[in-house]
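Dear colleague,

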Amino acid sequence: MSVQLLSILALVAVFLISTIFNVHMGALAFVATFVVGFGLTDLSEDEIIAGFPAGLFVILVGVTYLFAIAKANGAIDWLVDSAVNLVRGRVWAFPWIMFALSAGLAGIGAVPPAAVAIIAPTAMRIAHRYQISPLLMGLMVANGVAAGEFSPIGLFGIIVNDVAVSNGVASSPILLFASCFAVNAVMCYVLYVVINRRARRRHEPVEPMEAAGPTPSRRGTGLSVIDPDVAVAVRPPMTKSVAATLAGLVAMVAIVACTELDIGFVAMTLAVILSVLSPDAAKEALPKIAWPSVFLIVGIVTYVNLLQELDTVTYVSDAVAHLRSPLLIALLICVIGAVVSAFASTTGILGALVPLAVPFLLSGDVSAVAMIIALSLSSSIVDASPFSTSGALVVANAAEEDRDRVMSQLLRWGLAMIVVAPVVSWGAFVLPGW
């Protein structure tokens, strides 16, 4: 058996062991790098360590550190409560507010689990209080995060664009973000319409158009009074730290958009400045940097870089090329992304599949930009599966009496998206030959 095939089997083992035994995938990837690098090749330690993505590490730590400070000093809570207060009794708007908040937080650099963990408790509490479908509200949060994460400074956007550029593949960060946002927004609109229509057929309106007057809270009737505990939330005070943090987040977006400065160093610089202004918040935030996500990403990327060193990428491309159908190859890659991501890490699969698809993307048989968009959508739309972190957080924050039902609904949704997401993404972006 060739070294290339063994290295691929090791990657499959990393995903399987992580999923079955709940072992951290990043740690497994580093171990696989060591075992394959030293045990199956004659590469030196320096050659193996050279694959460590130092630049990506700085970006992830800098952005998540800044975001952790924003959460610790109350800036994120201020934003969330301000958005909730904008509803002012218009209960129909709650799901869309949650979608916008989730997309916004993810778009400015929050890692997906962090964004869902921040928004889901409030969203599911509102859903229970106002008798809004918990499935609708949960999907609004999960898909909102998926919509925002592919921004040029979002975690998924950084990973995909960085991997593509480093491998010489054409990439369009703005088009990637716009496409993923549009698809997720349209999908949420369809869900909103379908779930509301089904509720009306059962004479159980999901939510009223406007608050009218106090009515008893009955299951499925829609509470029509403004509840001060939810609709008029008490915002944290606008302190100097909160104001400085909000200004810092705006500054980060502006600097990255208007200059070529590295977002990692920009975010780290802003985080250090805020640390001086809010030392207590900075101390609390440091352990809350998304270390598990950082560990996962750099571990996977380090192993993938080893695969490239072993010419495994070329080996895979040669094997897939025998299918002799670029469109079929593209669909197969999207399906693999959807299946693995539904049960494992989206960040991990994006970091692994994009490099493995590089020779195919460089061949010119299909548009590289369109293929990257299709793969990104296929791998992220399934994140609401209860086996993924986002889906699990939605289930965990559902009301106790709704939890089993939400679990069952998300399971069916996730299984359906494993089929629907890659086919629709492939059909919309790859098949037309954009």
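**Charged side chains**

E284 is partly exposed, with a relative accessible area of 39% (buried means under 20%, exposed over 50%, and partly exposed in between, with a 1.4 Å probe and protein chains only). This is a predicted model, in which local features need pLDDT of at least 70 and side-chain atom pairs count only at pLDDT 80 or more, while totals for chains, interfaces and linings use all residues. Residues are numbered from 1 along each chain as its sequence is written, and side-chain values use heavy atoms, with hydrogens and water left out.

Side chains of opposite charge can pair when their charged atoms come close. The structure holds two salt bridges, a salt bridge being a side-chain nitrogen of Lys or Arg within 4 Å of a carboxyl oxygen of Asp or Glu. E284 pairs with K288, their closest N and O atoms being 3.1 Å apart, and K288 is exposed, at 53% relative accessible area. R405 is bridged to D402, with 3.2 Å between the closest N and O atoms; R405 is partly exposed at 35%, whereas D402 counts as buried at 4%.

There is also a negative surface patch, formed by D42, E45, D46, E47, E309 and D311 (patches are made of residues with over 30% relative accessible area and no salt bridge, like charges being joined within 9 Å and nonpolar side chains within 5 Å). Helix α3, residues 45-49, gives the largest share of this patch, three residues (helices are DSSP runs, H or I, of at least four residues, numbered from the N terminus). D46 lies in helix α3 and is exposed, with a relative accessible area of 63%.

Best wishes

Notes: Accessible areas come from the Shrake-Rupley method with a 1.4 Å probe; for residues, only the protein chains shown count as cover. Lys and Arg count as positive and Asp and Glu as negative; His and the chain ends are not counted. The place of a charge is taken as NZ of Lys, CZ of Arg, CG of Asp or CD of Glu. Helices (H or I, at least four residues) and strands (E, at least two) are DSSP runs, numbered from the N terminus.
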